[in-house]
Amino acid sequence: MKKTNIAFTKEKREAIIDMALGWFEDWKHNEPTVYTETIEERRKEMLVLNNSDLIKHIEKFYGLVDGEIWGYINSNC
């Protein structure tokens with residue numbers, strides 16, 4: 001398997017994390033007993049990931065498939 005490096009500016013990375021946290025906040029608001037961790041806890045979890053692992057984490061956690069994340073990134077960040 002080929003390893004891919006993903007490069008973002010600091011601002012783009014922060015925008016991606018903020019976008020994902022916005023989704024999480026909506027979920028948490030709608031189902032607080034299911035999503036018990038705080039938004040800050042989610043942020044801390046994502047901040048330690050490198051860019052490639054961050055994208056993989058977002059895809060897995062939010063159930064995105066087939067590069068769907070890139071459409072969100074390109075249109076929202």
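Visitor: Where is the place of Met-19?

Guide: Met-19 sits in helix α1; helices here are DSSP runs of H or I with at least four residues, strands are E runs of at least two, and both are numbered from the N terminus. A quick word of caution: this is a predicted model, where local features need pLDDT of at least 70 and side-chain atom pairs count only at pLDDT 80 or more, while totals for chains, interfaces and linings use all residues. Residues are numbered from 1 along each chain as its sequence is written, and side-chain values use heavy atoms, with hydrogens and water left out.

Visitor: Why is Met-19 called buried?

Guide: Buried means under 20% relative accessible area, exposed means over 50%, and partly exposed is in between (1.4 Å probe, protein chains only). Met-19 has 10%, so it is buried.

Visitor: And what does Met-19 touch?

Guide: Contact means heavy atoms within 4.5 Å. Leaving aside residues up to four places away in sequence, Met-19 touches Ile-69, Tyr-72, Ile-73, Asn-76 and Cys-77. Met-19 and Tyr-72 are 53 residues apart along the chain, yet their C-alpha atoms are separated by 8.7 Å.

Visitor: What makes α3 and α4 roughly perpendicular?

Guide: The axes of α3 (residues 51–62) and α4 (residues 68–76) come within 10 Å and cross at roughly 110°. Axes are lines fitted to C-alpha atoms, for helices over the stretch in contact, and angles run from 0 to 180 degrees between N-to-C directions. Under 35 degrees counts as roughly parallel, over 145 as roughly antiparallel, 65 to 115 as roughly perpendicular and the rest as oblique. The two helices are therefore roughly perpendicular.

Visitor: Which residues meet there?

Guide: Ile-55, Ile-58 and Glu-59 in α3 meet Ile-69, Trp-70 and Ile-73 in α4.

Visitor: Why is the pair of Trp-27 and Tyr-62 called tilted?

Guide: The search of the whole structure finds 9 aromatic pairs. Rings of Phe, Tyr and Trp (its six-membered ring) pair if their centres lie within 6.5 Å; planes under 30 degrees apart are stacked, over 60 edge-to-face and the rest tilted. For Trp-27 and Tyr-62 the centres are 5.0 Å apart and the planes at 50°, so the pair is tilted. Trp-27 lies in α1 and Tyr-62 in α3, so the pair ties together parts that are 35 residues apart in sequence.

Visitor: Are those two residues buried or partly exposed?

Guide: Trp-27, at 28%, counts as partly exposed, whereas Tyr-62, at 9%, is buried.
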